[in-house]
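Subject: Predicted two-chain model for your review

Dear colleague,

Please find below the structure that I am handing over to you. My notes on it follow.

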Amino acid sequence: MMNNTFVKMGCVILSLILAGCVPHNTIDEVSLMHNIGFDKEEEMLKASVVYPNYAESDNPALITAAAENPSSLQEELSHKSQFPFEIGQVRLLIFGDKLSREGLAPILDTICKDPKIGIIRIVITDGSPDLLLRKTLKESPLFLMNLIEKSIENEGIPETDLHLMYDQFFGSGIDMSFPNLTVDSKENVKVDGMGIFKDDKLALRISEKETFLLKLMTDANKRGVYSFNLNMNGNKANIGVRIISGKHKVKFIKDNLKEKVKVSLNLNVELDALPEWINLEKEKDLKLLKNALQKSISTEAEILLKKFQANGVDPIGIGRRYKANHENYSELSFYDRIYPGMTYDADTKITIRQTGVGK
Amino acid sequence: MIKEKKNQNPAEIVKRAKKSSDFKEIKKNVSGVKIFISCFTSLIDHKTMEQVFLPYINECEKKTDQAFDINQFKNSIPLEEVMTTQDAKEIEEKLHKGFVLITFENTSEDWLLVNVSNLSKGIRETNETENEYSVTGPKLGFVESLDTNILLLRSKLKSPLVTTEELTLGTLSKTRVAIVYLDGITNEKHIETVKKRLAKIDFDIIWDTSALDEIIRDNSHTPFPLYLSTERLDRICYTLSLGQVVIFSDGSPSAISGPSTLLDFFISPEDYYYNWIVGSFFRLIRIFAIIFSIFSSSLYVAVVTFHYEVVPADLLGPLIESRANVPFPPVMEVLFLEMTIELLREAGARLPTKVGQTLGIVGGIVIGQAAVMAALTSNILLIVVALSALASFTTPTMSMSNTIRLLRFPFIIMSSLLGGLGIMLGFAVILCHLFKLKSFETPYMVPLYPFRRNNFKDSFIRSPYSVINKRPDYLRAKDTIKYSSKEKNKKKEDINDE
């Protein structure tokens, strides 16, 4: 009986070995890609890859290749390197403007079939990814990934990674949105707003402030700074408040045969820098400040929602929420008929949690 | 194999014994009767012989007035154990245990046996449990004498329930083997199984109780120890109190106890000497250490050879840098270092203690550092292998520690062939094997399989004494409750509360 099991196990193991189904990828004998930028150039797909040279030097190197389809890109790249390129350690995907407008589907389809790719960040750029990657070559190869990660954590950029992308791209009732990287006038790379996609094509770019509002309405993490113009007691100032945490809720209300979307935001904020003429110890000042902030967020959120509606995109996932409440939902008819006619109502409730040490 | 001759003539026994140089025969004349006093001089206690027995015989020699009477002669010998017999087999046995044989020429068919043996000769007197050392708690261990061991046991457990049964095993060694159990607590089935297994033995020399382990075990094709083999007195007392059966054998400083489960081997008596929170913590650390020790080097091979994608981004740099100069594939690198560690260990075990320490330093620091400098291994691997070797030393029982040393190698080979899948495959095989194992017909993986919820109280963690007051279910003890868990003085009287 004992021998029998060993023989059986032996057969299984032997067949697996003989089938040779596990290729070797010794860690120091592959070129690991850390950042990949994709763009379209003269009808060719162009990839720019940043790969680290851990064994030889500290600085990463950049290599570019062009091919007609995504599958031959990897081979094209490997023609130019000592070791085969491996995609398993990719941390950041950057899509160029041209490619984003033409559609990401061919690339996303290839990526989602590769089990080696883990959690990676996806961003777009308004220029060419090649340029963007060149600007960061002096930094560590993980610079861009850390930049995005930190921005998502603390600075008002909505969560974005491969798994969310799968959900948004393949799921119904929601559209993809990726943060936008740009090179500013002083040649620094910075995060600047977002790009909203319709299906796989870039449809709309939104500003930094709108990006934060989008984060407030979608993410569980709501950390970031919101700035607004305050007009109170005859004084005017622009004030920035740090939002620490909060909750959002999207509800539908039947309103004269039209669907009304009610977005309620419940936010906890921290005030650090306030002009001198506001005294929070006064009940009246506090109330005025709160009301002004609530009103500002609500109106801007409503404007943003209408902007999405006008452009026919839905990054918040209103369709998905609608589907949960309505039995005979169909994606096509929702976005054709119901979505354009929806009205919006945003309602914000602010709780001031921290004001710093008083004067 | 030696065939026991039946119906031997006592004269033949003496004849056979005379071939040995240490067999002596003295001729004496008592009351006109010629007597022969014979014994193995190496086995007897010379002090008793020269100061008690021989003077008495000499005195008898002088008294020539009385007629010789064997019974009177027997009763007046000033020694404790004197017997008459005609059984040749018994005579042979007793001669080899240090008895003196007295034969009477032409007077009596009876043979007289007198005990002048020296049992403690050649046996060390103390054992400080060097192999199963503990910081706190008693450091009393068993020695090579069965009688001393039973004495130690009885002095710790003074209950009348402690029962010993003795039998003789081994065609050449004629070793005394004792089965010890608690009468009325230990399930008879276990006792019966042990007796049946021991009775079936046909073996020449019982080297050690641990060797007995392999002869009587349920499945001899397994690297896992099926019975707890220990030299610690407190361990044996504990297993006895749970309702296990303990086997001692003469000439062995270790005892085995069964039926055991896998988790028994990771339990140290110290767990019970510390308070339960600290004890549980150490036990968990030990279990973690064992898992780490078995899998760490094979995981290194799997990750570096196949699954580069699971390495955290910040670790990539150091890992690749240290690997870059190594010319071998990861599996060769790991095997090289593992072999080095095993050699060090084996050499350390064979060398005298003081040389062993020097060797540890030479091996650990010099060889390790030099291997990295010579680009034979990467320094990350050096840390992994050294840590896993260190972790394997935390096992409180020697036999399980050896098993863990061995288990690492198949995992390394599997992981070099199939990566993470290989490790999983190997683990599945070992798990199936473990589930099949039995110790004295009791499942080895209790309480995991069969699942016994109540027995988890004293498995991965050591719960407070008030909770673990019952004997484990799998032992089927006849009395399941060890002690009542209720505290006697529930009212806590604080000295300051007045």
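How many residues of domain 1 of chain A are in contact with residues of domain 2 of chain A? There are 19 on the side of domain 1, and they meet 22 residues of domain 2 of chain A. Two residues count as being in contact if their C-beta atoms, placed from the backbone, lie within 7 Å.

Before the details, a note on the basis of these findings. This is a predicted model, in which local features need pLDDT of at least 70 and side-chain atom pairs count only at pLDDT 80 or more, whereas totals for chains, interfaces and linings use all residues. Residues are numbered from 1 along each chain as its sequence is written, and chains are lettered from A and ligands numbered from 1 in the order in which they are written.

Chain A

Chain A is divided into domain 1 (29-206) and domain 2 (208-359); such bounds come from an automatic or database domain assignment. The centres of these two domains of chain A, taken over C-alpha atoms, are separated by 31 Å. On the side of domain 1 of chain A that touches domain 2 of chain A, the elements giving two or more residues are β9 (189-198) and β10 (201-206) of chain A. The largest share, five residues, comes from β9(A). Helices (H or I, at least four residues) and strands (E, at least two) are DSSP runs, numbered from the N terminus. By class, this side of domain 1 of chain A divides into eight nonpolar, six polar and five charged residues. Here Ala, Val, Leu, Ile, Met, Phe, Trp, Tyr, Cys and Pro count as nonpolar, Asp, Glu, Lys and Arg as charged, and the others, Gly among them, as polar.

An unreviewed UniProt entry lists residues 192-356 of chain A as "domain: Spore germination GerAC-like C-terminal". UniProt positions are given in the numbering used here, feature names are shortened, and annotations may be inferred rather than shown by experiment. Over residues 192-356, chain A is 34% helix and 41% strand, with its end C-alpha atoms 29 Å apart.

Chain A also holds an open sheet of four strands in the order β11-β12-β13-β14, with mixed pairing. Two strands pair if DSSP finds at least two bridges between them. At the edges are β11 (224-232) and β14 (343-354) of chain A, each of which pairs on one side only. The twist from one strand to the next averages 40°; axes are lines fitted to C-alpha atoms, for helices over the stretch in contact, and angles run from 0 to 180 degrees between N-to-C directions. Helix α9 (residues 283-311) of chain A packs on this sheet and touches β11, β12, β13 (258-270) and β14 of chain A. Its direction makes about 145° with that of β14(A). β11(A) is joined by nine antiparallel bridges to β12 (residues 235-255) of chain A, and A:M232 stands opposite A:N235 in β12(A).

Contact between the chains

Chain A and chain B each give 22 residues to the contact. On the side of chain A that touches chain B, the largest share, five residues, comes from helix α1 (residues 2-19) of chain A. That side has 12 nonpolar, six polar and four charged residues.

Chain B

The domain assignment of chain B gives domain 1 (10-115), domain 2 (146-260) and domain 3 (272-443). The C-alpha centres of domain 1 and domain 3 of chain B lie 62 Å apart.

An open sheet of chain B has five strands in the order β1-β2-β4-β5-β3, with antiparallel pairing. β1 (23-30) and β3 (82-85) of chain B each have a single partner strand, so one side of each is left without a neighbour in the sheet. Elsewhere in chain B, β6 (residues 162-169) and β7 (residues 175-182) run antiparallel and are joined by eight bridges. They form a hairpin with five residues between them, and B:G170 in the turn has a positive phi of about 95°.

Finally, B:T397 lies in the loop between α14 (379-392) and α15 (398-418) of chain B. Why is B:T397 classed as buried? B:T397 is buried because 22 other C-beta atoms lie within 10 Å; a residue is buried if 20 or more other C-beta atoms lie within 10 Å of its own, exposed if 12 or fewer, and partly exposed in between, with C-beta atoms placed from the backbone. Leaving aside neighbours within four places in sequence, B:T397 is in contact with B:E132, B:L228, B:T230 and B:F265.

With kind regards
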